[in-house]
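Visitor: I'd like a walk through this one, strand by strand where we can. Could you show it to me first?

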There are 4 protein chains.
Amino acid sequence: MEVKIGLVGAGWMGKAHTNSFVNALMNFGPEFGKPVFEMVSDVSEEAALHACKQLGYARWTNDWKELVSDSDVDVVDIATPNAFHYEVAKAALENGKHVYCEKPLTLSAEQSLELAKLAKQKGVVNYVGYNNVMNPASAYIKELIDSGKLGEITKFLGTYDQDGLLDPTLPITWRHINKFSGSGALGDLGSHLLSLSQFLLGNMDRVNALAKTVIKQRPVSPGSNEMAEVENDDVISMLIEYENGAVGTISSSRIATGRKNYLFYEIQGTEGTVHYSLERMNEVNVYFHADQEADRGFRTVFLSPEHKGYSAFYPAAGIAIGYNDMKVLEAHELLSAISIGSPYSCDFEFGAQIDNTVSAILESAKQQTWVSMQTKGGLTV
Amino acid sequence: MEVKIGLVGAGWMGKAHTNSFVNALMNFGPEFGKPVFEMVSDVSEEAALHACKQLGYARWTNDWKELVSDSDVDVVDIATPNAFHYEVAKAALENGKHVYCEKPLTLSAEQSLELAKLAKQKGVVNYVGYNNVMNPASAYIKELIDSGKLGEITKFLGTYDQDGLLDPTLPITWRHINKFSGSGALGDLGSHLLSLSQFLLGNMDRVNALAKTVIKQRPVSPGSNEMAEVENDDVISMLIEYENGAVGTISSSRIATGRKNYLFYEIQGTEGTVHYSLERMNEVNVYFHADQEADRGFRTVFLSPEHKGYSAFYPAAGIAIGYNDMKVLEAHELLSAISIGSPYSCDFEFGAQIDNTVSAILESAKQQTWVSMQTKGGLTV
Amino acid sequence: MEVKIGLVGAGWMGKAHTNSFVNALMNFGPEFGKPVFEMVSDVSEEAALHACKQLGYARWTNDWKELVSDSDVDVVDIATPNAFHYEVAKAALENGKHVYCEKPLTLSAEQSLELAKLAKQKGVVNYVGYNNVMNPASAYIKELIDSGKLGEITKFLGTYDQDGLLDPTLPITWRHINKFSGSGALGDLGSHLLSLSQFLLGNMDRVNALAKTVIKQRPVSPGSNEMAEVENDDVISMLIEYENGAVGTISSSRIATGRKNYLFYEIQGTEGTVHYSLERMNEVNVYFHADQEADRGFRTVFLSPEHKGYSAFYPAAGIAIGYNDMKVLEAHELLSAISIGSPYSCDFEFGAQIDNTVSAILESAKQQTWVSMQTKGGLTV
Amino acid sequence: MEVKIGLVGAGWMGKAHTNSFVNALMNFGPEFGKPVFEMVSDVSEEAALHACKQLGYARWTNDWKELVSDSDVDVVDIATPNAFHYEVAKAALENGKHVYCEKPLTLSAEQSLELAKLAKQKGVVNYVGYNNVMNPASAYIKELIDSGKLGEITKFLGTYDQDGLLDPTLPITWRHINKFSGSGALGDLGSHLLSLSQFLLGNMDRVNALAKTVIKQRPVSPGSNEMAEVENDDVISMLIEYENGAVGTISSSRIATGRKNYLFYEIQGTEGTVHYSLERMNEVNVYFHADQEADRGFRTVFLSPEHKGYSAFYPAAGIAIGYNDMKVLEAHELLSAISIGSPYSCDFEFGAQIDNTVSAILESAKQQTWVSMQTKGGLTV
């Protein structure tokens with residue numbers, strides 16, 4: 001079955017989505033949905049035209065409203081800046097389109113909940129691109145937890161650190177302005193950990209956060225003496241109490257000297273423990289207390305055809321998948337959901353739950369106190 | 001110069017201290033203080049007698065008060081259970097003895113402050129056995145910070161996890177009862193991280209903690225059906241704001257399946273980052289932003305004669321020191337302080353500052369709120 | 001410029017090549033050669049037809065001779081079983097086609113030399129698919145050597161181990177029969193190390209090898225009681241003396257329990273050392289003796305835009321490339337060579353040099369003695 | 001029981017032996033032999049006197065012949081330069097003394113065999129100090145092999161690299177002159193690997209080696225312009241065929257830039273594989289093919305009370321033992337052998353077998369050919 005794609009946003013992320021659709025087709029075959037590149041829109045006419053030609057779309061427009069209402073578009077693929085997700089997704093849903101929205105769903109817990117409700121009512125496929133959830137490592141770790149092999153979960157420790165914004169002479173960007181980004185390291189990096197936490201451990205009960213802006217001003221443009229205020233967190237750290245009683249700790253920094261793409265987390269349970277680093281994305285470290293005492297140790301398990309998603313790429317263990325391959329699995333899951341109705345993990349409700357958590361964390365950092373989730377037991381969509 | 005030692009407490013720790021003195025002598029020579037094993041005391045007459053013979057002490061007693069006032073004892077070495085540290089140390093100080101107290105100094109911030117003041121007034125050597133501070137790795141990391149090679153410190157992340165108390169059928173011990181231990185994982189494990197944090201980053205401004213008792217009851221004895229309440233934290237996690245503005249996160253668990261002696265910490269600065277794990281105690285990982293871009297990476301630096309303390313053991317890099325060697329360096333530092341007046345790191349004021357932090361953390365966990373240090377800028381001793 | 005591809009061999013490798021061309025186009029753009037999927041051939045009509053449709057080729061044939069002489073084919077892409085490389089490549093060259101041949105070039109040093117000479121004479125692009133050479137890590141390591149940062153090279157240690165053929169009940173395949181494979185672990189795995197050794201350290205002077213067949217017989221088909229003889233090495237190990245005087249050691253096993261894709265090598269020089277494992281393909285470990293003594297250690301350098309090839313995939317360091325991305329870089333290099341005449345590393349002369357080494361190694365293992373390269377200073381093509 | 005020690009050689013190694021005896025007593029107690037420091041000899045009167053006082057020996061002499069015939073000496077502890085081992089050991093044996101000889105036994109296969117025969121005839125304890133055999137990791141790995149958990153051994157890969165002699169301005173020492181050292185990196189470093197290979201895998205069938213002297217001359221003294229010839233291997237590499245059919249590869253370098261104490265080895269079997277590095281001496285990495293496929297991976301097993309020898313130092317897993325602790329276990333094993341007749345691993349026959357292997361390796365490197373062990377099935381003592 002063909003899946004006709006309408007891409008909104010012709011930048012770097014739009015290209016990445018398109019490439020992922022191509023690779024999903026090449027790796028899984030058309031029986032899981034054949035992407036057809038129907039239409040691309042961008043506010044920049046030039047960008048839209050260039051993307052149309054370069055990425056192989058059939059048509060282009062500079063008016064996304066045209067695209068979301070086009071009768072030949074099956075799924076609206078939203079790769080715009082974050083601040084536009086809400087508007088585009090809402091219109092797409094109202095037109096009865098399937099929607100594939102890059103993370104985050106929106107910049108507001110309320111808007112995300114509204115979209116989740118609308119999507120449910122419309123009965124369309126509604127997908128948020130939290131790609132780390134699609135990592136075969138995530139599937140394996142979820143399996144370890146759900147099977148009980150780790151026992152009762154007692155502790156979560158996670159950190160996502162990069163040093164891309166370390167240099168204080170780098171000029172201000174949308175990432176530093178809350179109306180565009182919502183938050184700093186939290187939304188950009190921490191939210192990936194939140195997605196894994198949500199996927200693997202479920203709902204939180206309450207959070208308590210400490211946020212710091214270390215580089216308080218940045219030049220308005222490269223080399224300029226005019227400075228603009230950085231509005232959000234360079235460094236953030238938080239305590240979490242989960243609904244199941246586990247204690248969580250998450251920290252994130254976008255000025256973490258030496259850390260390149262260091263998404264690390266450890267989940268401790270009464271029967272076993274797992275830890276994982278995205279910088280060594282093909283290795284899951286797992287410990288089973290049930291092993292014989294003299295031989296107990298963390299096992300370095302290389303991803304293999306035993307782990308969901310991997311075999312689309314390689315027939316044997318230990319052949320390295322890459323970061324983009326998570327996005328390819330995401331594109332495949334979306335195509336499958338649309339074409340053959342297969343289940344998927346990151347729907348708008350999932351995305352709204354994360355935006356809800358982000359909102360509670362920001363509130364906590366502001367109020368300097370514990371903040372309880374308003375959504376005990378999850379959202380009511 | 002001879003240093004006549006009076007050991008209070010003839011158990012496992014007393015033996016460890018004694019062995020460390022012997023090795024300090026063998027590795028450094030008598031010019032840094034020659035330990036003489038003058039007297040040992042234990043409430044158990046049998047234990048005292050046995051230790052006297054086995055460990056090579058000249059005399060023994062079952063009354064520590066006799067020991068602390070013995071004119072032939074230069075330094076009182078306190079290796080009793082934690083709850084007795086205060087009483088013994090106070091009496092020893094009042095008798096004008098040098099005091100070497102195993103960590104923690106006492107179970108109360110107030111008592112520790114009192115001892116610190118008393119020690120200062122008496123002008124004797126007052127030493128708390130936070131052995132991780134004596135690690136050559138700690139000296140190296142402090143040098144990296146103090147020299148400015150890491151720049152301004154922005155983030156601290158630490159965890160100390162063990163799984164020694166994972167098994168719920170293990171009976172209750174003094175560690176689970178607050179009047180003996182003060183706290184759980186915090187005092188037992190976390191305090192080592194606090195000592196490193198204090199040594200390397202200085203004072204904290206405020207703390208915010210979440211503590212959990214996972215195994216709520218334990219048998220009163222092995223195999224018994226009678227259960228006793230566990231009074232303190234199996235798992236604890238905390239946020240820290242340092243006086244210098246850095247964001248800190250520390251967690252600790254004594255039921256951390258698979259983690260054996262996992263004291264890990266990372267210190268991020270604007271010019272460099274260092275991370276360290278006690279499980280690989282001979283390796284310091286350090287990153288310098290000043291390196292050429294194509295060649296930047298965390299360096300795995302093996303301890304070597306370049307790092308303070310190491311050369312007492314080996315003449316070349318990469319020959320593994322062990323955990324006990326930290327205690328040997330501690331014994332050497334104490335002997336040197338007494339015999340030749342050399343400076344030392346972990347005095348009673350240092351120990352009191354940590355007990356003060358522990359107290360704030362416990363208060364925070366109880367009140368579910370941020371707690372500010374009462375000792376901004378450090379204790380006034 | 002369009003590059004019209006004629007693919008010979010429609011199996012797993014043919015598909016991998018095709019996908020790589022697609023990704024090369026998506027990542028680099030048409031200015032470095034736009035692949036056009038002109039024709040595919042396979043001895044199986046069904047396979048050819050299926051591949052034509054699935055992979056997007058315009059035409060198909062079951063007669064490769066038709067393909068290699070087709071006037072609309074620019075480059076013949078040889079993805080047949082190894083034993084057919086010679087015949088197809090020779091015919092393609094004689095027809096003046098560019099040739100892209102999967103490794104190894106042929107199963108005989110003589111045939112490979114013949115092809116290298118013929119290719120040179122014809123003046124076409126002649127490319128052998130030793131993909132590990134295209135790894136950005138390889139480019140970085142070559143740069144480290146060529147710049148003199150490692151000093152004079154003194155020692156090479158390499159191993160390539162997998163356990164895919166560990167199970168003795170797995171039936172015999174072409175890999176076990178010399179007329180199809182030439183050798184065992186040596187040709188399959190070891191040759192990748194030889195390609196890196198050749199690329200990085202240049203020519204060898206002589207070799208000395210020990211080979212073992214551990215599983216001497218395998219079933220002719222799954223579950224069969226009829227057994228066939230395994231003709232070649234499960235395990236091989238060799239000493240190497242390089243022309244530059246360095247000492248080399250290479251070992252390889254295809255029954256190396258627990259090793260999944262363990263291509264590891266270390267190059268020691270008088271000023272620095274580098275080591276690398278394909279299982280952690282995004283990390284190069286490098287040590288500079290010129291660093292300050294207290295801070296010396298192996299640096300874990302994550303691949304980044306500083307390293308050739310990487311920036312085609314990601315804009316920042318530490319985002320994991322995968323195994324297939326090496327093949328994408330290979331496809332790009334080939335397309336660039338054809339379309340804009342850019343230089344490339346693995347030509348037929350390079351491939352012939354490796355086949356020559358393989359031949360000397362096999363001779364050494366057979367004669368139980370040192371065997372000198374007949375090609376001191378390299379082949380004369 | 002008291003064990004009266006006569007130490008021959010009062011240098012660095014003599015001190016290390018003495019310290020180890022002290023620690024063996026402190027860790028194991030007198031019931032496994034109480035060392036009594038009876039007498040020390042050194043050709044330098046001053047050194048002998050100083051050692052006597054500093055190390056706590058009762059008497060001293062500058063004539064080792066006096067020591068080896070002293071009726072109050074139970075065991076002669078040989079810590080002289082290697083070239084004197086033979087003479088001293090022979091005299092001690094002839095006087096009916098137990099002998100503890102630092103490795104290597106002698107510099108000649110013939111002399112070592114002679115001593116092994118003499119020791120057997122005399123019925124005394126005869127012990128060679130190959131300390132790596134005493135590592136709790138070695139005991140664990142031997143247990144894994146002997147229990148069959150690794151299956152049939154197929155491949156051994158080992159390397160021992162240091163960079164202590166990298167600097168070409170370091171002057172010539174006894175290590176570079178064959179009459180004092182016998183060989184270079186081979187005897188100094190490689191022999192430790194040979195001891196582990198012998199202990200774990202048993203006898204070799206034949207060897208084939210390639211040796212290089214990279215720094216061919218060194219100053220006769222620091223800063224001198226007068227140069228002396230380096231007579232032996234800076235780098236050596238060898239192939240091994242074991243009696244059991246396994247393929248072995250060992251390399252060693254004493255100019256291995258960046259490698260500090262890198263003794264690494266991997267043993268592959270048909271059911272499991274183990275690898276180990278002395279730089280991370282508390283971690284054994286082991287893989288069991290019998291594990292469930294999805295969960296298979298190398299386990300990082302920290303040394304613990306489950307592994308022989310460890311519990312003398314620590315009561316729980318993961319507390320780092322150090323390099324010296326291997327020597328303490330060695331001293332303990334020797335004392336136990338003498339005092340209570342317990343078995344031990346590294347007797348003179350074991351040492352002679354290694355010297356025999358060293359001799360075959362040197363012959364192979366000289367003759368440029370395979371050399372068979374003259375001692376198939378082991379020495380006949």
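Visitor: How many bridges join strand 2 of chain B to strand 3 of chain B?
Guide: Before counting, note that this is a predicted model, where local features need pLDDT of at least 70, side-chain atom pairs count only at pLDDT 80 or more, and totals for chains, interfaces and linings use all residues. Residues are numbered from 1 along each chain as its sequence is written, chains are lettered from A and ligands numbered from 1 in the order in which they are written, and side-chain values use heavy atoms, with hydrogens and water left out. Strands here are DSSP runs of E, at least two residues, and helices are runs of H or I, at least four residues, numbered from the N terminus; two strands pair if DSSP finds at least two bridges between them. Strand 2 (residues 34–41) and strand 3 of chain B run parallel, and the number of bridges joining them is three.

Visitor: Which residue of strand 3 of chain B is the bridge partner of B:Val40?
Guide: Strand 3 covers 59–61 in chain B and is an edge strand, pairing on one side only. Within strand 3 of chain B, the partner of B:Val40 is B:Trp60.

Visitor: In what order do the six strands of the open sheet in chain B run?
Guide: The edge strands are strand 3 and strand 6 (126–129) of chain B. The twist from one strand to the next averages 25°, with axes being lines fitted to C-alpha atoms (for helices, over the stretch in contact) and angles running from 0 to 180 degrees between N-to-C directions. Pairing is parallel, and the order is 3-2-1-4-5-6.

Visitor: At about what angle does helix 1 of chain B run to strand 2 of chain B?
Guide: Helix 1 spans residues 12–28 of chain B and lies across strand 1 (2–8), strand 2, strand 4 (75–78) and strand 5 (98–102). Contact, by the way, means heavy atoms within 4.5 Å. Against strand 2 of chain B, helix 1 runs at about 165°.

Visitor: Over to chain D: why is one side of strand 3 and of strand 6 left without a neighbour in the sheet?
Guide: Chain D has an open sheet of six strands with parallel pairing, in the order 3-2-1-4-5-6. Strand 3 (59–61) and strand 6 (126–129) of chain D are at its edges, so one side of each has no neighbour in the sheet, because each has a single partner strand.

Visitor: Which residue is the kink in helix 8 of chain D centred on?
Guide: Helix 8 (residues 185–201) of chain D has 16 of its 17 residues buried, where buried means under 20% relative accessible area, exposed over 50%, and partly exposed in between (1.4 Å probe, protein chains only). Just after this helix, D:Gly202 takes a positive phi of about 80°. A bend is the angle between axes fitted to the seven residues ending at a residue and the seven starting there. The kink in helix 8 of chain D is about 45°, centred on D:Ser191.

Visitor: How many residues of strand 12 of chain D are buried?
Guide: D:Val247, D:Thr249, D:Ser251 and D:Ser253 point one way from strand 12, while D:Gly248, D:Ile250 and D:Ser252 point the other way, and all are buried. For strand 12 (residues 247–253) of chain D, that is seven of seven.

Visitor: Which residue of strand 12 of chain D does D:Val235 stand opposite?
Guide: Strand 12 of chain D is joined to strand 7 (residues 153–161) by seven bridges, running parallel, and there D:Tyr160 stands opposite D:Ser252. Strand 11 (residues 235–242) of chain D is joined to strand 12 by seven bridges too, but antiparallel. In the hairpin of strands 11 and 12 of chain D, with four residues between the strands, D:Gly245 takes a positive phi near 95°. As for D:Val235, the residue opposite is D:Ser253.

Visitor: Is A:Ser183 buried or exposed?
Guide: A:Ser183 sits in the loop between helix 7 (178–181) and helix 8 (185–201) of chain A. A polar atom of the A:Ser183 side chain lies 2.9 Å from the backbone nitrogen of A:Gly187. Because its relative accessibility is 4%, A:Ser183 counts as buried.

Conventions. A polar contact is a pair of N or O atoms within 3.5 Å; within protein, one must be able to donate a hydrogen and the other to accept it, and residues adjacent in sequence count only if both atoms are side-chain atoms.
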